[in-house]
Amino acid sequence: FPGLADVSISQDIPVEGEITVPVGSHSPDEDYSTLDEPVKDTIMRDLKAVGKKFVHVMYPRKSSALLRDWDLWGPLVLCVSLALMLQGGSADSKDDGGPQFAEVFVIIWFGAVVITLNSKLLGGTISFFQSLCVLGYCVLPLTVAMLVCRLVLLVGAGTISFIIRLIVVVAMFGWSTLASTAFLADSQPPNRKALVVYPIFLFYFVISWMILTFTPQ
Amino acid sequence: QGGGSAVIDMENMDDTSGSSFEDMGEMHQRMKEEEEEEAEGEAGAGEEEDGEFLGMKGLRGQLGRQVADQMWQGGKRQASKAFSLYANIDILRPYFDVEPVQVRARLLESMIPVKMINFPQKIAGELYGPLMLVFTLVAILLHGMKTSDTIIREGTLMGTAIGTCFGYWLGVSSFMYFLAYLCNAQITMVQMLSLLGYGLFGHCITLFVTYNIHFHSLFYIFWLVVGGLSTLRMVAVLVSRTVGHTQRLILCGTLAALHMLFLLYLHFAYHKVVEGILDTLEGPNMPPFQRVARDVPVVSSAVLNTTAKAIALTL
């Protein structure tokens, strides 16, 4: 090799590794198969996963499906639909009435982040996104309550409708809190469950309060 | 074809070979030039030379890519190290190490003034209780603003509530810590945050009661008794940690004033006073936030308002 005598390699570039030109992509088989499937399959699979988690929230059992494969699609859909339904509140002035769309969004996501940080600081074993996933999915009963409230308000806005709305919202608030506690409290040391449950209680209380005080024009 | 060669000929290496993009650009340029040369009708022997040359170019491009890849890995490693250093919430972990029993005990203690002020009182440097109390105060404030139909212009209800409560807790704590530093008091920032945070327990109770029962005199009684008790406790603890009469006076006077005035502010700024009492007692003074008279749809407050008017007439 006549050219070797002239080889001078500077010291700071480590010349190591493979000197081969990769031929085509070497992705594993699973990537290949989900990349090529029709879009309908992907969407249906994700929708089924979200639907299964909704069922888990409505009938809270001790299952780990919510925790294991977390996803944030469900919380996003619930948050957006709740914020949309809270629009159109009573507003005789232009700039304030019900909560703004961004306000509801920020309350839900910020509140969920704060609760997650709190439970992690108290020694929880659950990961950040798992906790966000659980808290977001447990907003489902309150979204149902909002729907019911809007329907009741279509009928009338008197004392009876207020009492009905109060009962519905309180019931759903209790359901939300119980559901999220069932999933989250297990990850805490046993004597500190109350410390984790209280912020969750406050969080759903604020959302329930926004729902209850919603009055359309 | 160039992949099997183990010889690196550095003769063709120039200074720009660190970036694989430039290599690709050069490669394209050379390929275009070679195509033009071919189109002019070079011999077939030139093809093999082109092939070899491409192989060398490919190798150099590969080396450039390796270097770029390693720079990316190194950068990523450094970024994740910096992230894990600064975004580490474990720094805060010791301040959240409490039991529910302890929190309850501290809440009740925050209303009981201590007697011994010659001996520095112990303050628990804990942040869970104060943080939860601030959030509770935010929730109560929201409730009060909603039931009084307060309109906030240029802002949102939630933003105002959070800003007020957190601003008070963090701002007044920092200010008191600064004063304590000037007056040589033995207190750390976390302890100050904790002390002030637990002092908000009295505020929470007062506001929770008086936002639902709209008696003016009831509020003043609560203000004096409950607010006064929690202020006395904080003041006693601070006094026990300071020496010198002037310093004690400055610190305690400031803290007492700020604490009591905050409660007064929260009540009057965010809560609609019943119309009749406003007219009879306070005259033409308008509250800071603009209020628009609206129907109050809630049954309970209508009942309470009529009783309050009845009491106002008797006062």
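A salt bridge joins A:Arg192 to B:Glu99, with 3.3 Å between the closest N and O atoms; the term covers a side-chain nitrogen of Lys or Arg within 4 Å of a carboxyl oxygen of Asp or Glu. Because A:Arg192 sits in the loop between α8 (159–184) and α9 (193–212) of chain A, and B:Glu99 in the loop between α2 (45–86) and α3 (100–109) of chain B, the pair joins two chains. Helices here are DSSP runs of H or I with at least four residues, strands are runs of E with at least two, and both are numbered from the N terminus. The model is a predicted one, in which local features need pLDDT of at least 70 and side-chain atom pairs count only at pLDDT 80 or more, while totals for chains, interfaces and linings use all residues. Residues are numbered from 1 along each chain as its sequence is written, chains are lettered from A and ligands numbered from 1 in the order in which they are written, and side-chain values use heavy atoms, with hydrogens and water left out.

The two partners of this bridge can also be described by their accessibility. A:Arg192 counts as buried, at 11% relative accessibility, whereas B:Glu99 is partly exposed, with a relative accessible area of 24%. Buried stands for under 20% relative accessible area, exposed for over 50%, and partly exposed for what lies in between (1.4 Å probe, protein chains only).

Over all chains, the whole structure holds 4 salt bridges. One of them is formed by the side chains of A:Asp71 and A:Lys53, at 2.5 Å from N to O. This pair links distant parts of the chain, 18 residues apart: A:Asp71 belongs to the loop between α3 (65–68) and α4 (73–85) of chain A, and A:Lys53 to helix α2 of chain A. Both A:Asp71 and A:Lys53 are buried.

In chain B, B:Arg106 and B:Glu126 form a salt bridge whose closest N and O atoms are 2.3 Å apart. B:Arg106 is part of helix α3 of chain B and B:Glu126 of the loop between α3 and α4 (128–147) of chain B, so the pair ties together parts that are 20 residues apart in sequence. B:Glu126 counts as buried, at 3% relative accessibility. Salt bridges with shared partners also bring A:Arg192, B:Asp97 and B:Glu99 into one network.

Turning to the rings, a search of the whole structure gives 16 aromatic pairs over all chains. Among them, B:Phe166 and B:Trp169 make an edge-to-face pair, with 6.2 Å from centre to centre and 70 degrees between the planes. Rings of Phe, Tyr and Trp (its six-membered ring) are paired if their centres lie within 6.5 Å, and the planes count as stacked under 30 degrees, edge-to-face over 60 and tilted for the rest. Helix α5 (residues 157–182) of chain B holds both B:Phe166 and B:Trp169, 3 residues apart, about one turn of the helix. Both residues are buried.

The ring centres of B:Phe219 and B:Phe268 are 5.8 Å apart and their planes stand at 85 degrees, so this pair is edge-to-face. With B:Phe219 in helix α7 (residues 216–240) of chain B and B:Phe268 in helix α8 (residues 245–269) of chain B, the pair ties together parts that are 49 residues apart in sequence. B:Phe219 is buried, at a relative accessible area of 0%, while B:Phe268 is partly exposed, at 22%. In chain A, ring pairs link A:Phe173, A:Tyr198, A:Phe201 and A:Phe205 into a cluster.

Chain A has 9 helices and 0 strands. Of its 217 residues, 40% are buried. UniProt, in an unreviewed entry, places the feature "transmembrane region" at residues 70–89, 101–122, 134–156, 162–184 and 196–215 of chain A; these positions follow the numbering used here, feature names are shortened, and annotations may be inferred rather than shown by experiment. Residues 162–184 of chain A are 100% helix and 0% strand, with 32 Å between the end C-alpha atoms. For residues 196–215 of chain A, the span is 85% helix and 0% strand, and the end C-alpha atoms are 32 Å apart.

A:Asn118 is placed in helix α5 (residues 101–121) of chain A and counts as buried, at 4% relative accessibility. Leaving aside residues up to four places away in sequence, A:Asn118 touches A:Leu195, A:Val196, A:Pro199, B:Phe96, B:Tyr128 and B:Met132, where contact means heavy atoms within 4.5 Å.
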